[in-house]
Amino acid sequence: MSDPASADAATAPDLASITKNVERKKAKRLEKEAKLAAKVAMARATSSSGEKKAKPAKEKNKDEEAPFVNTTPKGDKKDVSQPMGSGYNPIAVEAAWYDWWEAQGYFKPQLTPAGKVKPEGSFVIPLPPPNVTGSLHIGHALTVAIQDTLIRWQRMLGKTVLYVPGYDHAGISTQSVVEKRLYKTSGKTRHDLGREKFLDTVMDWKEEYQARITSQLRRLGGSLEWDRVAFTMDEPRYKAVIENFCSLHDAGLLYRANRLVNWCVRLNTTLSNLEVDQKELTGRTLLNVPGYDAKEKFEFGVITSFAYPIEGSDERIIVATTRPETMLGDTAIAVHPNDPRYKHLHGKYAVHPFNKRRIPIVTDEIAVDMEFGTGAVKITPAHDFNDYEVGVRHNLEFINILNDDGTFNANAGEKFKGMKRFHARVAVVKELQDAGLFVEAKDNPMQIPVCSKSGDVIEPLLKPQWWVNCKPLAEEAIQRTRAGEMVIQPKSSETQWYRWLEGIQDWCISRQLWWGHRCPAYFVRIEGLEQDTSDGKSWVVGRSVEEATERAQKLAGNNKFTLEQDEDVLDTWFSSGLWPFSIMGWPEQTSDFKMYYPNNVLETGWDILFFWVARMVMLGIHHTGQMPFKEVFCHAMIRDAHGRKMSKSLGNVIDPIDVIEGIALDDLHLKLYEGNLDEKEIAKAKTGQKKDFPKGIPQCGTDALRFALCAYSSGGRDINLSIMRVEGYRKFCNKIFNATKFAMLKLDEEFVPEPVARPTGNESLVELWIFDKLNLAVDKLNRELERRDFFEATIAVHNFWLYELCDVYIEAMKAMTDESASPLTRKSSQQTLYTCLDYGLRMLHPFMPFVTEELWQRLPRRPNDPTPSIMVSSFPTYDKAFTFPEAAKEFGLVYEVAKTGRSLAARYNLQKDIQLFVRIESDKDAMLVEGQLPTILALTKNFKSAKVVRTLEEIPAGCGSDVISSTIVVYILVRGQVDLDSEIFKSQKKLDLARINLNKARKMESPADYEQSVPADVRAANEEKRKLLETEVDNLELSIAMFEKLK
């Protein structure tokens, strides 16, 4: 739901020239690729014809693959019978799979033969509808990554799953961007076109950007049910919006009133409080304001004091304001009833210096703080929210001095009439100075309200609008949330939820726009009767003109009347607030509504928890009697690598497709001209892009991007996104690709998987270890996804693949599949490898749908397994049959020996013919490690030999060593290959530290009452730590002595 960043346009190359430029670059790239392909072909031809060969250094060009071209017909299954590529190419891997999934109907909810939800249950997520203002940005990619991960996971768990796509018309944002583009390209305004033609223009924009967004969602792999696509202004949603308005009005919760609103002069419309940002100022600040000359700056962060003359005397009363121009609409001065300085003025009047209006002095203990300033407060009820309340309490006159376009009207006086509001500010201060009434102006730290869409300074303005009384709706939402009907994660968001709902204010739903749902409200103009359009007395609402006419007849009685529909449209959130049930067909009781409502999860950014989520909950309870979803998960806001909010003018807004495909810096620059930035902003954005992406954005692929975004989701409020990290996960994809490619060589043509994935009893120690690790990873992955901890979930599957399957088992099994291995050993290791690959790819699939499908399709199927796609296969779950804690512990020791040996080799910079010795005191451990020496050598690669010894005397002189435990020490022979003085120095430093730690450990065990006061488990841990340190000290002393002898 959050708005993609957008910005103003002034002067830029026209779109046609930009498009030509992009096409030219594309053509050049294709030409370059064609030349490369031709060069490779020529080199091969030359080689085969016996002509002079190229130099060996350049022969690598022969192995370069031609650029990938997708030849799979749309909707057909990709042919994976050909050999795998030389390396991971995300464009090639991702091609064709999405269209095939969709053609196969895998995105549709799977029901029982009777058309019911499956016994496993249902799982429904509504896509927060992206605004049709522009393309998706990286924040939308985060939404899809998290949501589709959950959707694919739940689908693989066997549930009836529905992921509903849709789009939001985004009233203010879309109308604003289309108006800017219209003026930029034709010099016309919407008024030049007229309402109907302008709406046609906006609809054209909507169609273009909806298509663009749809393409992005598909590229991101979102398994959305495209036959149920919704738009907030389509016919079913129109019916829902009309019902929403009329139902709330009939229930007495929606009313019309002339009240203060947040008015944006630039957009010429009302805004809700949530669409207004508060800009912090520390003191006097000069700011540009939209709609004024770019060279003009106006003073903010200043409090101005001036005097009002008291009627009938020479006395003056001093007031202060941060908006001196509003004094033209002052209708009172308030003082505290207990302030002795002003008791003599109670009930008296001041005189307005410019229009001579009598201004009453009223007492108000709510509005006035005696200790602040002079203790006298000017009151402008028609232009200040606090003053409005004072005006209501004291029945003051409400004088509106502002036109909708930000100029002053006749109520401001002849001198100021027609002036722009901030020009009037300067003029008022000058007039006060000339009249001798100006006192002072000084710095004043403050906040100024700014429109989140246009950046304009907001003006409180009296407007007759439609309002929703939210208090009773919010109370019900609070009560039901506390009762556990809906869970909000993370907990920090839940705290804010209650705070906001408890302080909720009435919601202004009128917008002075053309693009949106027009209010289904009609003014009943009764012939011969004087009526006020400001209140709701002469208004009727109706689901149709016929219903409105019927209600109007009752209101008018026998009098003649005409119906005039309200020109305003409804706030965008008034329609998107119905999203979870309107997409299911509400207000009709459709089969979808009965089957899939309430939704299971609403996943969105925390920044729209109140904009959107609160409104969906309040309206959902009111209209359906149920919470619209069982869980709300709030993801973080994506910032750039420096922690800055993403903004087009900074050049740090990232299109997810650019991360997927990669993009050159020049092309990034060109894309800036597609928006509405002016030349200055474009120059600034280019600088930002050059700094952040000096070589452009590398090609990362969809899978790496999705995985990275999930890995960033650790429950915090912000994500500082680094493209380098995304690129790191592309390398992870490459690792998976190459590991599977290697594994396929080990699964020869004769290999047939066992019918069921179960240990056979013939497994070696490392096989039992990898099964145990697989089972632990599966268990952790499911638990973390259930907890919505995507960071920990990605760690579980990443670590299994990288550090357990690839780094250990695949390396260890090489010896088990060579020619010297027995057929039983070879078969067992192959079956274990197959199970790990099969389960490992399924575990990864929710995060990385494309590469997992590509690789899984290349694996053979188990006998009688007809599963056509990994996305409809079963997700792995914890299985006790794969639990081998004792074997895992034993192999853990073996692997520790191998790791320690590698660490020693790295420490001494030894790279070949390395000799390893393991001194072990325990018979059991010695027998274990002795039997696993071939595996240790497989895991240590460049080691020449490995040997278990039982005594120090068996260790050759000149070894470096490291301690694993108090009974196991690992050695490698370094004699003649190291600087002895340097090694003695380093060992002595380690020995000094080890002795200090040993003394601390002994001291911990020395108190007289140690045995009685310290728990047994703590004593055992302390004893083990002391023994380890004693072994370390002994070993270091021996090493130093040995190195000394060799000198």
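This report describes selected local features of a predicted model.

Most peptide bonds are trans, and most residues other than glycine have a negative phi.

The bond that joins Gln 489 and Pro 490 is cis, and its omega is about -5°. Pro 490 sits in the loop that runs between strand 19 (487-489) and helix 12 (491-502). Another cis bond leads from Trp 586 to Pro 587, where omega is near 15°. Pro 587 is also part of a loop, the one between helix 15 (579-582) and helix 16 (591-596).

## Two residues with positive phi

Asp 913 is not a glycine, yet its phi is positive, at about 50°. This residue belongs to the loop between helix 27 (885-907) and strand 30 (914-920). Asp 913 counts as exposed because its relative accessibility is 54%, and the cut-off for exposed is over 50%.

Lys 941 is another residue other than glycine with a positive phi, here near 55°. Its place is the loop between helix 29 (933-940) and strand 31 (943-949). With a relative accessible area of 57%, Lys 941 is exposed.

## Salt bridges

Side chains of opposite charge can pair when their charged atoms come close. The model has 69 salt bridges when the pairs are counted within 4 Å. A few of them are described here.

Asp 434 is exposed, at 54% relative accessibility, while Lys 430 is partly exposed, with a relative accessible area of 44%.

The side chains of Arg 758 and Asp 879 meet with an N to O distance of 2.7 Å. Arg 758 is in the loop between helix 22 (723-746) and helix 23 (765-787), and Asp 879 is in the loop between helix 26 (849-856) and helix 27, so this pair ties together parts that are 121 residues apart in sequence. Arg 758 is partly exposed, with a relative accessible area of 44%. Asp 879 is buried because its relative accessible area is 17%, and buried means under 20%.

Salt bridges can also form a network: Lys 108, Glu 225, Asp 227, Arg 228 and Asp 592 are linked in this way.

At 51% relative accessibility, Pro 755 counts as exposed.

Which residues is Pro 755 in contact with, leaving aside its neighbours within four places in sequence? They are Arg 862 and Pro 863. The C-alpha atom of Pro 755 is also separated by 8.2 Å from that of Asp 865, although these two residues are 110 residues apart along the chain.

An open sheet is built from 3 strands in the order 11-10-16, and their pairing is antiparallel. Strand 11 (316-321) and strand 16 (438-443) are at the edges; each has a single partner strand, so one side of each is left without a neighbour in the sheet. On average, neighbouring strands of this sheet are turned by 20° against each other, direction ignored.

Strand 10 (residues 302-309) and strand 16 run antiparallel and are joined by 5 bridges. Within this pairing, Phe 306 stands opposite Phe 438 in strand 16.

## An annotated helical stretch

An unreviewed UniProt entry lists residues 1019-1046 as "coiled-coil region". In the model, the chain over residues 1019-1046 is 100% helix and 0% strand. The C-alpha atoms at the ends of this stretch are 41 Å apart.

Arg 1019 takes part in a salt bridge with Glu 1011, where the side chains meet at 3.3 Å from N to O. Arg 1019 counts as partly exposed, at 21% relative accessibility.

Definitions and conventions: Residues numbered from 1 in each chain as written. Predicted model: local features only at pLDDT ≥ 70, side-chain atom pairs only at ≥ 80, totals over all residues. Heavy atoms only, no water. Helix = DSSP H or I, 4+ residues; strand = E, 2+ residues; numbered from the N terminus. Buried < 20%, exposed > 50% of the residue type's maximum accessible area, 1.4 Å probe, protein only. Pairing = 2+ DSSP bridges. Axes fitted to C-alpha atoms, helices over the stretch in contact; angles between N-to-C directions. UniProt positions renumbered as here; feature names shortened; annotations may be inferred. Contact = heavy atoms within 4.5 Å.
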